[in-house]
Amino acid sequence: MTDFIRHISKTVLADGWKRLSEFTYELRTRDGSWQTQTREVYERGSAVTCLLRNPDTDHVLLTRQFRLPCHLIGRDAHLIEAPAGMLDGADPAERMRLELEEETGFSVSKLTRLFDLISSPGGVDETVVYFVGTYSASDRVSDGGGVPEEGEDIEVLEILLDDALQMITTGEIYDAKTVILLLSLIHISEPTRLRRI
């Protein structure tokens, strides 16, 4: 039992692809008083994402697919992003390898786990595990493209790293996890390159 929150109640508002719930609780404020709050939380669960770089060609492996929320807010709905998927209780590295093969057609063995970040803590419980790794042409095992039975229609993109970094500036890449991974990759491998963005 914690001493800063009490009397938590939950009402499920929708339980489709993922769950949307409303929580009411009392929260102790910094002055010691108790405040009743009500918040909606989209319960997505944990996810994984990865940026693969070909060290021989300096390309990164990205995907493009339709994202309804982007369309609804008037942005380019065919989002360029790093491969990703829901964790669903699996080992993060194993799940990521499976997602990479399904989405991009590349099979890689070694991945480096960078960090775990919460995506939008004000209303979504999703924590994303971030990975980087390397790939080469010999790692290709299929055309990728996702799993059509799951509604996936994914275009595989191999983009020069410098071009991908420029696409952040132009707004062509605006997916948060992808921007985080691109900048992290540069920070890890070539920190002076960040100054040119």
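Two strands pair if DSSP finds at least two bridges between them, and strands themselves are DSSP runs of E with at least two residues, while helices are runs of H or I with at least four, all numbered from the N terminus. With that in hand, β2 (residues 19–28) pairs with β3 in the antiparallel sense over 10 bridges. What you're looking at is a predicted model, where local features need pLDDT of at least 70 and side-chain atom pairs count only at pLDDT 80 or more, though totals for chains, interfaces and linings use all residues. Residues are numbered from 1 along each chain as its sequence is written, and side-chain values use heavy atoms, leaving out hydrogens and water.

**The open sheet**

- Three strands make up an open sheet, in the order β1-β2-β3, with antiparallel pairing.
- β1 (5–15) and β3 (34–43) each have a single partner strand, so they stand at the edges and one side of each has no neighbour in the sheet.
- From one strand to the next, the twist averages 20° (axes are lines fitted to C-alpha atoms, and angles run from 0 to 180 degrees between N-to-C directions).

**Aromatic pairs**

- There are two aromatic pairs in the structure (rings of Phe, Tyr and Trp, the last by its six-membered ring, pair if their centres lie within 6.5 Å; planes under 30 degrees apart are stacked, over 60 edge-to-face, and the rest tilted).
- F106 and Y135 have ring centres 5.0 Å apart and planes at 75°, so this pair is edge-to-face.
- F106 sits in the loop between α2 (92–104) and β8 (111–118), and Y135 in the loop between β9 (127–134) and β10 (155–160), so the pair ties together parts 29 residues apart in sequence.
- F106 is buried at 2% relative accessibility, and Y135 is buried at 2% too (buried means under 20% relative accessible area, exposed over 50%, and partly exposed in between, with a 1.4 Å probe and protein chains only).
- F115 and Y130 form a tilted pair, 5.3 Å centre to centre with 55° between the planes.
- This pair links distant parts of the chain, with F115 in strand β8 and Y130 in strand β9, 15 residues apart.
- F115 counts as partly exposed at 29% relative accessibility, whereas Y130 is buried at 4%.

**A residue out in the open**

- I73 is found in the loop between α1 (68–72) and β6 (78–81).
- Is I73 buried or exposed? I73 is exposed, because its relative accessible area is 64%.
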